[in-house]
Amino acid sequence: MTMKKIEFDGYLLVYQADDSEGRWKGSYAILKDRTEISRGSLPLAAHSEDEAAFEILTAARRHAGLPSSALPH
């Protein structure tokens, strides 16, 4: 499992996706100015790493209450 990072509009999204048990799962943290503002983990319906990343971004957006434009698509 490799942690991936995306910087956007002053936020940092750190996430990982894993399918080692035959099912995708993901976890993430959103930071603002080096302070964690949100964290989550979830099972994913993804069938690829790209789909998993999209699901994690969508969940992070909802969980943190960020506007749709705040996270990259």
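**Exercise 1.** In this predicted model, find the bridge partner of Gly26 in E4.

Solution. Start with the strand pair: E3 covers residues 25–32 and runs antiparallel to E4. The two strands are joined by 8 bridges. Within E4, Leu42 is the bridge partner of Gly26.

**Exercise 2.** Give the strand order of the sheet and state which strands stand at its edges.

Solution. The sheet is open and has 4 strands, ordered E1-E2-E3-E4, with antiparallel pairing. Strand E1 (4–8) and strand E4 (35–43) each have a single partner strand, so they stand at the edges, and one side of each lacks a neighbour in the sheet. From one strand to the next, the twist averages 15 degrees.

**Exercise 3.** Describe how helix H1 is placed against the sheet, and list its buried residues.

Solution. H1 (residues 49–64) packs on the sheet and touches E1, E2 (11–18), E3 and E4. The direction of H1 makes about 45 degrees with that of E3. The buried residues of H1, each under 20% relative accessible area, are Ala52, Ala53, Ile56, Leu57, Thr58, Ala59, Ala60 and Arg61. Their cover includes E1, E2, E3 and E4.

**Exercise 4.** Check the span of H1 against its number of residues, then state what follows the helix.

Solution. The expected span is 1.5 Å times one less than the number of residues. For the 16 residues of H1 this should come to 22 Å. The end C-alpha atoms of H1 are 22 Å apart, which agrees. After H1 comes Gly65, with a positive phi near 70 degrees.

Conventions. Residues are numbered from 1 along each chain as its sequence is written. This is a predicted model: local features need pLDDT of at least 70, side-chain atom pairs count only at pLDDT 80 or more; totals for chains, interfaces and linings use all residues. Side-chain values use heavy atoms; hydrogens and water are left out. Two strands pair if DSSP finds at least two bridges between them. Axes are lines fitted to C-alpha atoms, for helices over the stretch in contact, and angles run from 0 to 180 degrees between N-to-C directions. Contact means heavy atoms within 4.5 Å. Buried means under 20% relative accessible area, exposed over 50%, partly exposed in between (1.4 Å probe, protein chains only).
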